[in-house]
Structure formats: C-alpha cells, structure tokens
Amino acid sequence: MSAFKLYYKIANKHKGTVIMYLAIMVLIVSLTFVQIDLSEEGAFSKGQIAIFDEDNTALTNHLKAYILKGNEEVIIERDEQIINDYFYEEKLDIVITIPKNFTKDFYQNPNEVRLATDESINVLINNGIKEKVNQYFRIWQQYLLLYDYDIDVVTEKSILKELDQLFESSVEFDYPETEITPFQKLVPSFQFLSYALVGTGIAVVALAYLIMDKTAVYRRNIVSGYSERKRIVGIFIAMFLAMIMIWLVGLAISAFFAGTAGFKHDYFPYLLISEFVQLLALTTLMFLIVQIVSKEEIISFLSTILSLFIAFSAGIFVPRDFLPDMFIKSSSIFPNYWHINNLLYVSEASLDLFEFDYWLKNIVVMLGLMFVYLIAGILIRSRKQQFNS
Amino acid sequence: MFSHLIRYYSQVYFKNKSNIIWTFLFPFAYITIIFFALSGLMEPEASLQEEPIKIAIISADSQEESDLIDYLDYFSANAILEDGELQIIEKNNSVDKEIYLIYHQTDEAKAREMIKNKQINAIVEAKNPITIKDSQGLGDVKMGILTQFLDGYETNRKLTISLEHQYEAKYSNVDVLDYFSQEELASKTFEEISTEMEAKIDAEISDEILAVIESQTDVFEEQADSDSTNPALIYFFAAIGYLAFYPISAGSYTVEHIIANQSERGKRNSVSGVTKTKMFFASFLPLFIIQAFFSWLIYHYVGLLGVSLGHRQVQIVSLMILGNLAALLTGSALATLLPFQKNLRTALGIGIPLFFGFTSGMMIHHIAILISDNFPILHKINPVGIVSRGLYVLYSDSNLVRFFDAIKFLGIYILVFLVITLYGLRKNSYERL
C-alpha cells in the first residue's frame, strides 16, 4: 500500500504535467468528435465541383447538370489564389472549364475537343469525375454516328432527353441503408482514445514509475524492508488505476459529445471488456518500458514517437484501407492494434450478426501480449537488480 | 569571447544525449512513419489495384450475367475461392490491364457465406436492373467506385437497346443498291439478299459503335504537373510544419544553461561576468544552426523518399528554418517565464507542437478547416499551420505573394517571443531568484 501511495504522491508533484497531457488528450478526442459531427456522411465519394461554362449552350448546360448530379456545385470566383485556397481547405475538388465554341467543335470533330481542368490533389475523386464526363461524351459520339454528325436543334433536344433517361441511375440496393448509430459514433473517439492512452500513459503513468525507481526513492523503499514483490504489485495497481482514470476522462468526453445512447447498445459490454483488456495490456507495456528506459528524456521521446507510430500503423489516423499491409502488421506487437480490430468489428457487427470467435481472438492476443510484456519486464528487472548488486 | 562561447555551447549541446535523440532521431523516425502511413494515399489508384473491390456475382438471368461479365472484363478479373481467399484465375483482354475489381460467380447462399467470412465486399445480382444485395468493408470511396462501374453497365445496356431501335428505324428504308450491284441482285434469291444485307448492316453498325467504344475518349487536357501531385501532400506539409516547430525543448535548454536558478551550469555562468543576453545568443546560435541544417536535411530526406514538395527549395527550407526559429524562441520564452517548472516545460515542449500540429490538420486535415472556420485567430497564429500553409502555397501558387504573407506572420511571432525571452532574461538579472 505504501508503494501505491508513494506513486500517487509523485504523480501529484507532477500534476502540472499530468493536467497538460490530459488537456491535450481531451482536446484531441473532443475535436475528433466535432469533426465527425461536421463531416457529412458520404462526403468522401461526393465531388465538389466548380464549372466555368464559356460556351453556354443546350449541350454544355446539360453536361453541367450531368456532372453536378450526385456531386456538389461550388460557386467560386475565377481567381487562381481563391481556387487554391478552396483546394487546400478541401472545399473544392476540381474546376472544369468548358471553352467557347465547344459545342460547335464537338459536333464537327468530337475527338479534338478538350476541357480544361484545375484539380486538387484528391486524385481518386477527380479521376472518377473525369471518367464520368468521358463516358458522357462516348455516349454522345454514338448519337453523332447515328445522326451522321448532323445535329440540328430538334435532334439535339431529343438526344439530350434520351441521355437523361440513360444516365438515370438504376442500380438497386436490396439491403437496408445503414445510418451511423450512436453506438458506431463512439468508435472513432475510442480509437483516438487508444492513441491518447499510449501517449499520456507513457508520459504520465510510466514517468511517475520511473521517478519512483530513481535511486534515492528506490533505496529508501529497500532499506525500509518493504518486500520487492509487494512494491511491484502496489505500483502496478497504482499504474493501472491511473490508466483507468485517464480512460474515464476519455469516456466522459465521449458521453458528452455522443450522448449515452451508444452505451446502452447490446454490444457495448464487448467493447468495454476489450477496452479493459487493452488498458491492462498497456499498463504492462508501460511497466516494460520503464524497465528498459531509465532516462526521463527518453520517456518523453517514446511517448511522442511510439504513440504516433501506433496511431498511424494501427489505422487510427489513416483508414487501414490505405495503409500498406506490412505497416499495419508492424503494429500488431502492440495491444492497440488488436483492440482497434475489435472496435471496428463490433461497430460493423452492430448492424449484423456478432461473431464471438473473432472478438475473443483479439482479446486472447491482447492477454498474450500482456503476459509477454510482464514476463519480459520482470526478467529485465531482475537482471538489472543482479547487475546492480 | 563570443566565438569561444559558441564553441563551448556547441560542445555542451552535443554532449547531451537527449538532444541527440530529439535532433537526430526523432525527425527522421517521424517522417519515415508518416511516409509509410501515407504511402497508400499517395497513389490511391495503385492502392485500389493492390486491394481491388471483391464481389460475388449471383445470377438471376444467365444472359445478364454473361453481359455484365463482358463489361466488367475491361477492368476486372475472374477469381475462384481457394484456401478461403479469392484467387485470380485469368486476366482477360490484356495481361497488364489495370484491375480494380475481382469477381467470383456463385450462388446466393455461398455469396452470403463469403460476405459473412469477409472474403468479398459485395454481392451483385446480375438482373435487370443490376442489384447490390449486400456489402461490407467498403468505405465511401470504394462504394462510390463500385456503383459507378455498375451504373456504367446499366447505361450501356440502356444505350444498346435504344440504339438498336433507332438503327432499325434508320436502316428500314435504305436503298438495296447501296449494298449490292445490279449483277449481284440478279444472281441471288430474295432470302439471300435479305440475309446478306442484314449482316452487312449489322457489321457496319458494329464497326462504328466498336470504334467509338474502343476510342477511349478523353476530353480532358493533360495536367501539367499531374506526375507530382498526390493527395497525401497536405499531410506531409502539416508534418513538416510540426517538425519545424518541435524543437521547443531545445529552446528552453539554451536559457537553462545561463540562468542561475535553472541548472548547475547556470549558476556557474551567472558569476562569469558575461551578460546574459550575450550568453543567450552564444548558446542560441549554434543550436539554431544545427536545427537549420537538419531542416535542410529533412527536406532532402523527404525528396529521397520520393515525395516532391515542389521545386522552390530555397523558399521551402527558409520557411522550415523560420519555423525552427519560432520554436526555439518559444522554448526560450517558456524557460524565462516558467523558471521553476522544468517538468511542465518539458511537457509543454512536447504538448505545444503536438497541439499546433493537430489543429493544423496533421492527423485529420478537416480539423484545420474546423479551426479556421471557428477559431480564425488560432488558425492565423498557429506557427505549424503557417509553415504548413506556406509550403502549400509554395507548391500551388505561381507567385510568392502568399508565401511572403506566411513569412510576415512568422516574423511577427518570432519578434514577439524574442522580446519575451530578452525581457525574461533581464528580469532574472535583477536577482529575482
């Protein structure tokens, strides 16, 4: 118990640092929530397009309406800097300029006409929009062939009408449309919480332990006759409780932003168990880190670099779809990877059937990692003690 | 004397192991992590080809199924289920075609089993109209692409039917003499003429239509720098902005060693008779030069990884160096303002750059827009954001007007923190220890 108390006394002495790290964590998780609320559902597949039509004919007006269908029109001044600002702020994906006499040239020589574009770096969306436009003109060319490149106003009108019917999307979706549920809304914040737990955990929880292990404090403990085993257990419990407190702060922010509706979901206990196991495994990871690292400066370095590495490689900052396999797998030596597997799975399964096996596998791996960290930590500690004695 | 101090503080700096870690190891480790994390975003199409959309095609109509597969074969590959995974069995049309989609023909029960086992992303039923019966693991982007592919098929189907009718009408009253000579007409029966004429018209139409389909129409002008654009650059700009601004702790370090109440070395230096301002600059200068050199190295390292930040090397490196200067002065100002809280200073040294990095979109770009819309002042004074936006305008703008705006903002920031540092040093010199 005395080790437990001493741990919190030391933590209390560093409360400025603790508060600062917690404040950053609160800020990151809160802003993530605000961001989730503000970003529209499906915004990634919706292009934001500005069209400058210098020709202004029936065909170009039709083309404009066709391009904008399912996308969002951005009304913008034709100024390079303003356009670049819009690109940077992700308010615009592509600017398409239809030149003067485009229609006339197209009817005469469809293969020679060109549309000018100014594009953001959102390649995937821009290429999708461009392919859509190319398809429009491929189909138009079929009609030019049919009418032997002789298009009068009446023919043009009838073709445009027919094109409207052709382009009416008819792919059907035979399954219920999924809306983000309050439960699913919790998941991204829990992912960020997983990142914050590593950063804050190393910087606060591990650091306090490191200070406790500093020679003077450690010697005082040894000479007091306090058993080493009791001391380790006391510190470990104190560390775990500190981790839980940090986690509770994150949970409170989640409840504040997403409400408590998600907590009542049937699968929430599964998520909670996974969180709990992750916390345990992370605490043992902190224990191991302190056995390896003996300098406060290196702890600070680790808290930054390790948390960022885990956040990027486990798919917290960037969706796993875009990460190289090897990079994702490199994070599997940390419990966060397996916990995020569970978060993603439980979120997805909340709309479908829950398979216990997959969830359990991730829990077992986290527990396995926990034992590995613990045994490695104990071994390193006893080696260090042997060396010191 | 000043040159002696510079030599002395350089040696002191390099003898400190934590300085070595933060200056040498951290920036390169961080950029490498960012590079791997964003490599999928840098070439999204290549990433899509590496991880194509997997679908099961179930058939309600064999003709529809065959037509759909003919259409998909332009950019897809057929696959079979082997060892629990879809394995491509053929690559039609051309060996090196780009594959965005893998399809597997099966029945509904097996398809449902496969989607449950996450072996496929969607079940597509080949019927009129095409129906997506279920999907899993497809984000917005991939779902949009799949729908666009299938919409393309639906449009082609409708187009074929429509053109068929219109061509029939067009050719219903053609002159038979356009296709046969008088001699041929005399030598053939009516049935033979009718059949052959139909075949000739069909071939004529098919040739014309095929010519258009295969022409791969591209109405867009080629982009001048299309080879250097990649969607991950915005994140790189923010990451480099963060790295430029991270040496706050190093800035604190410069002051710690000249003020008596902050370190043993400070005590010794305070009785040396040299003014604090002189010692500060002597301690600050080598550190600044080292950081500036590393900024230049990071610029080249990023280039070595294949990420082009643009061709304005001098301006890019200058911006990074000014970011370093801002960070070092923030650190030194903190050390003079919080002389007794070393732990807090260390925490702030990590926390401030991380906070500014996060709010400038280093982790989620949308956050930067959120901050710019709701907290414009924070957005404007955020040094990581200034460097990050400065790098962006250097990349995108044809002139340097906005780059100089960024320099101006950083200049003001630097000046403010320099004044705070010098004022703080002066305050300490009055023995308020």
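Colleague: Which residue of strand 5 of chain B stands opposite I58(B)?

Modeller: E125(B) does. Before we go on, this is a predicted model, where local features need pLDDT of at least 70, side-chain atom pairs count only at pLDDT 80 or more, and totals for chains, interfaces and linings use all residues. Residues are numbered from 1 along each chain as its sequence is written, while chains are lettered from A and ligands numbered from 1 in the order in which they are written.

Colleague: How do you know that strand 1 of chain B and strand 5 of chain B pair?

Modeller: Strands here are DSSP runs of E with at least two residues, helices are runs of H or I with at least four, and both are numbered from the N terminus. Two strands pair if DSSP finds at least two bridges between them. Strand 1 of chain B and strand 5 (residues 122–126) of chain B have five bridges, in the parallel sense, so by the rule of at least two they pair.

Colleague: How many bridges does strand 1 of chain B make with strand 4 of chain B?

Modeller: Six, again in the parallel sense. K54(B) stands opposite I102(B) there.

Colleague: What makes strand 1 of chain B largely enclosed?

Modeller: A residue is buried if 20 or more other C-beta atoms lie within 10 Å of its own, exposed if 12 or fewer, and partly exposed in between, with C-beta atoms placed from the backbone. Six of the seven residues of strand 1 (residues 53–59) of chain B are buried, so the rest of the structure largely encloses that strand.

Colleague: Why is Y253(B) called buried?

Modeller: Y253(B) has 28 other C-beta atoms within 10 Å, so it counts as buried. You'll find Y253(B) in helix 10 (residues 248–256) of chain B. The C-alpha atoms of Y253(B) and G331(B) are separated by 7.8 Å, and these residues are 78 apart along the chain.

Colleague: And is E355(A) buried or partly exposed?

Modeller: Partly exposed, because E355(A) has 13 C-beta neighbours inside 10 Å. E355(A) belongs to the loop between helix 14 (335–349) and helix 15 (356–388) of chain A.

Colleague: Which peptide bond is cis?

Modeller: The bond from N128(B) to P129(B) is cis, with omega near -5°. P129(B) lies in the loop between strand 5 and strand 6 of chain B.

Colleague: Why is helix 9 of chain B called oblique to helix 13 of chain B?

Modeller: Axes are lines fitted to C-alpha atoms, for helices over the stretch in contact, and angles run from 0 to 180 degrees between N-to-C directions. Angles under 35 degrees count as roughly parallel, over 145 as roughly antiparallel, 65 to 115 as roughly perpendicular and the rest as oblique. Helix 9 (residues 233–245) and helix 13 (residues 313–337) of chain B pack at about 45°, with axes 7 Å apart. That angle makes helix 9 of chain B oblique to helix 13 of chain B. Residues making the contact include I240(B) and G241(B) of helix 9 and M320(B) and G323(B) of helix 13, where "in contact" means C-beta atoms, placed from the backbone, within 7 Å.

Colleague: How many residues does each chain bring to the contact between chain B and chain A?

Modeller: Chain B brings 83 residues and chain A brings 78. Helix 6 (residues 140–171) of chain B gives the most to the chain B side, with 19 residues. Strand 5 (residues 172–173) of chain A also pairs with strand 6 (residues 131–135) of chain B, in the parallel sense over two bridges. In that pairing, E172(A) stands opposite T131(B).

Colleague: What share of the residues in chain A is buried?

Modeller: Of its 389 residues, 41% are buried. Chain A has 15 helices and five strands.

Technical notes. Contact = placed C-beta atoms within 7 Å.
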